[in-house]
Amino acid sequence: MTASSPPPLADLLHAAVTAVGGTERPGQIAMAEAVAEAIDDNSHLLVQAGTGTGKSLGYLVPALAHGERVVVATATLALQRQLVERDLPRTVDALHPLLRRRPEFAMLKGRSNYLCLHRLHEGVPQEDADGEAGLFDPFEAAEPTSKLGKDLLRMRDWADETETGDRDDLTPGVSDRAWAQVSVSSRECLGASKCAYGAECFAEAARERAKLAEVVVTNHALLAIDAIEGAPVLPSHEVLIVDEAHELVSRVTGVASGELTPGQVNRAVRRAAKLVNEKAADALQTAAETFERLMELALPGRLEEIPEDLGYALMALRDAARTVISALGATRDASVQDEDAVRRQALASVENIHQVAERIVDGSEYDVVWYERHDRFGASLRVAPLSVSGLLREKLFEDRSVVLTSATLKLGGDFNGVAASLGLSPEGVRDSEEEGAAPPWKGLDVGSPFDYSKQGILYVAKHLAQPGREGSRSDMLDELAELVEAAGGRTLGLFSSMRAAQAAAEELRGRLDMPILLQGEETLGELIRTFAADARTCLFGTLSLWQGVDVPGPSCQLVVMDRVPFPRPDDPLMSARQKAVEQAGGNGFMAVAATHAALLMAQGAGRLVRASGDRGVVAVLDPRVERARYGSFLRKSMPDFWYTTDRNQVRRSLAAIDAAAKAAEA
């Protein structure tokens, strides 16, 4: 090796793995080599890396060795913290002697994740107080009595101590309501040059650190904002690594969506009223009242065409909002204390109203519009892109190498379903060189260090009745109770709806003498800690449990799915996407509903085996996984467990696993 040549990748990986106390695995080595090749070739790579592979080091080591700026985007807070607090510090220390440089790294989030000193010290504009001004001036009281007041006082003390101002560094945390009093969105921010606290701004400091860092860790939402809104919030970078990439389409869809509610519109009216002339304020007030009356009658569902009365109401909102925006830019009122902050917040609210109303009125064929109704918050009008694949193809894959990785990227045995959702062609198919064509990419499945066929069983209860859209499933509950009893507890119950989880918890609490925890009855973190601590305990819940539980060892030896988690038939966005695929000549059900279900089932099944010594059963209490034509697609999407439909065999296996676990505990 000459003085100028980089150290061999194998040496770097070995040093990093040793530093974190891990063990090199063939899959990790294959992944690191493929990532290095993609970076060198400026190409794109999809990598499926099963649990236990060590995929974080599999991409960090070749990225650090490359020497150019890398952005790593993740979906979950847990992985962001693991990267910044554990993996990156140890890896940088380990590679420093070999690389002869010490790469800097930083975390960057959206502005609302950082404490705003202006908002903290100057207070919240009264338009947000909603008649509860006493709650929003807690610093005037020597001893605030409300939880909100105490939290705000604690955050004021924390502001003097924290170096980051990052909400996630505040322990214990605070409610969203409390945090909203000390944070601002990017639209509400005055800007560092205009703010009295600009020199001390935590969000600006985070952006400056990111500009100097070689590795910037961010989240999918900020990545989407950077791509969609045109104004860069991330520093320029040559390599993008998207971890937990199975979540990317959902997160980008969320960022690209818009919403209008009567409450939101009325807040915008209140904020703007004292800052603009009476004529402009009255026009916005009248438009808001008309919109609110229509929303009181709104029924949930998709609007394939905008009703005439709604169209007129939205045009009135759009036009009135445009007038107010012009007025806000043209006037100043010296009598309004701290007017810049008040004005900025009002402008942000009205601009959002204008933007969403105009988007819906324009009626793009690439948007889906629908009404939603919430028991607590009332009706809302929503708009979302029919697909984000074109957006991702255009914004994500140009001018940089992109690596996307997850434990679940192959659905039904190949990468093509996920690739299509990202705007990529089927694997091995090269589009034309014309602008807008899908870029070429490679797919790699590096497997898992676990021997799934020996560590786990996939059991499908084919004797049960097919689940219907409504009604109790007494046969499913009987089966569930017998399985849980055979396992001696140790059960993670994954349900397709909160109603089903609640019904199962209520039923089994009456039948079995073991603790049944239910999502929603305590914080998720506390539930998982209790579940992990007591092997007899069961934990039942819905969506966040399908993807968010990591409990290795004997506490989780049975994972139960009550039914195939297809999207709701009345889900406007999913239904519209399915219809669009069918109109283009494709199989809408397989491309949308079955792919959605397969991804969740793959994630859910992944909760079972988290360590090399784990043993257990994934039980799917839905016979369609065995009987239906799409059943094989769903089964191929899950880990390669030993497969059976023999209920007696599964009970014997669970009893044996339970006995072995009890013997080990004794």
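Buried means under 20% relative accessible area, exposed means over 50%, and partly exposed is whatever falls in between, using a 1.4 Å probe and protein chains only. Keep that handy for the views below. This is a predicted model, so local features need pLDDT of at least 70 and side-chain atom pairs count only at pLDDT 80 or more, while totals for chains, interfaces and linings use all residues. Residues are numbered from 1 along each chain as its sequence is written, and side-chain values use heavy atoms, with hydrogens and water left out.

**View 1. Phe589 and Tyr630 make a tilted aromatic pair.**
At 14% relative accessibility, Tyr630 counts as buried, whereas Phe589 is partly exposed at 26%. Rings of Phe, Tyr and Trp (its six-membered ring) pair if their centres lie within 6.5 Å; planes under 30 degrees apart are called stacked, over 60 edge-to-face, and the rest tilted. Here the rings sit 5.2 Å centre to centre, with 55° between the planes. Phe589 belongs to helix α23 (residues 588–605), and Tyr630 to the loop between α24 (624–627) and α25, so the pair links distant parts of the chain, 41 residues apart. Helices (H or I, at least four residues) and strands (E, at least two) are DSSP runs, numbered from the N terminus.

**View 2. Tyr452 and Phe641 meet edge-to-face.**
Eight aromatic pairs turn up in the structure. In this one, the ring centres are 5.5 Å apart and the planes stand at 85°, so the pair is edge-to-face. Tyr452 sits in helix α17 (residues 452–455) and Phe641 in the loop between α25 (631–637) and β18 (642–644), so the pair ties together parts that are 189 residues apart in sequence. Both Tyr452 and Phe641 are buried.

**View 3. Arg635 holds its charged end over the ring of Tyr643.**
The charged end lies 5.0 Å from the centre of the Tyr643 ring. To count as sitting over a ring, NZ of Lys or CZ of Arg has to be within 6 Å of the ring centre and within 35 degrees of the ring normal.

**View 4. Here is the largest cavity, with a volume of about 50 Å³.**
Rolling a probe the size of a water molecule over the atoms shows where empty space is left. On a 1 Å grid over the protein atoms alone, a cavity is a set of points where a 1.4 Å probe fits but cannot get out, and lining residues have an atom within 4 Å of a point. Grid points are joined across faces, edges and corners, and a volume is the space filled by probe spheres set on the points. Searching the whole structure gives one cavity of 30 Å³ or more. Residues lining the largest cavity include Leu223, Ala227, Val252, Leu392 and Lys395. Two or more lining residues come from each of α9 (220–228), α10 (248–255) and α15 (389–396). By class, the lining has nine nonpolar, no polar and one charged residues. Ala, Val, Leu, Ile, Met, Phe, Trp, Tyr, Cys and Pro count as nonpolar, Asp, Glu, Lys and Arg as charged, and the others, Gly among them, as polar.

**View 5. Helix α9 packs its buried residues against several other elements.**
The buried residues of α9 are His220, Leu222, Leu223, Ala224, Asp226 and Ala227. They pack against β2 (70–74), β4 (215–219), β5 (239–242), α10 and α15. After α9 comes Gly230, with a positive phi near 85°.

**View 6. Val559 is a buried residue of strand β16.**
The strand covers residues 558–561, and Val559 has 0% relative accessibility. Contact means heavy atoms within 4.5 Å. Leaving aside neighbours within four places in sequence, Val559 is in contact with residues including Leu492, Leu494, Leu608 and Val618.

Most residues other than glycine have a negative phi, and most peptide bonds are trans. Asp399 is not a glycine, yet its phi is positive, about 65°.

Methods:
1 Å grid on protein atoms, 1.4 Å probe; cavity = no way out; pocket = protein on both sides within 12 Å on 5 of 7 lines; lining within 4 Å.
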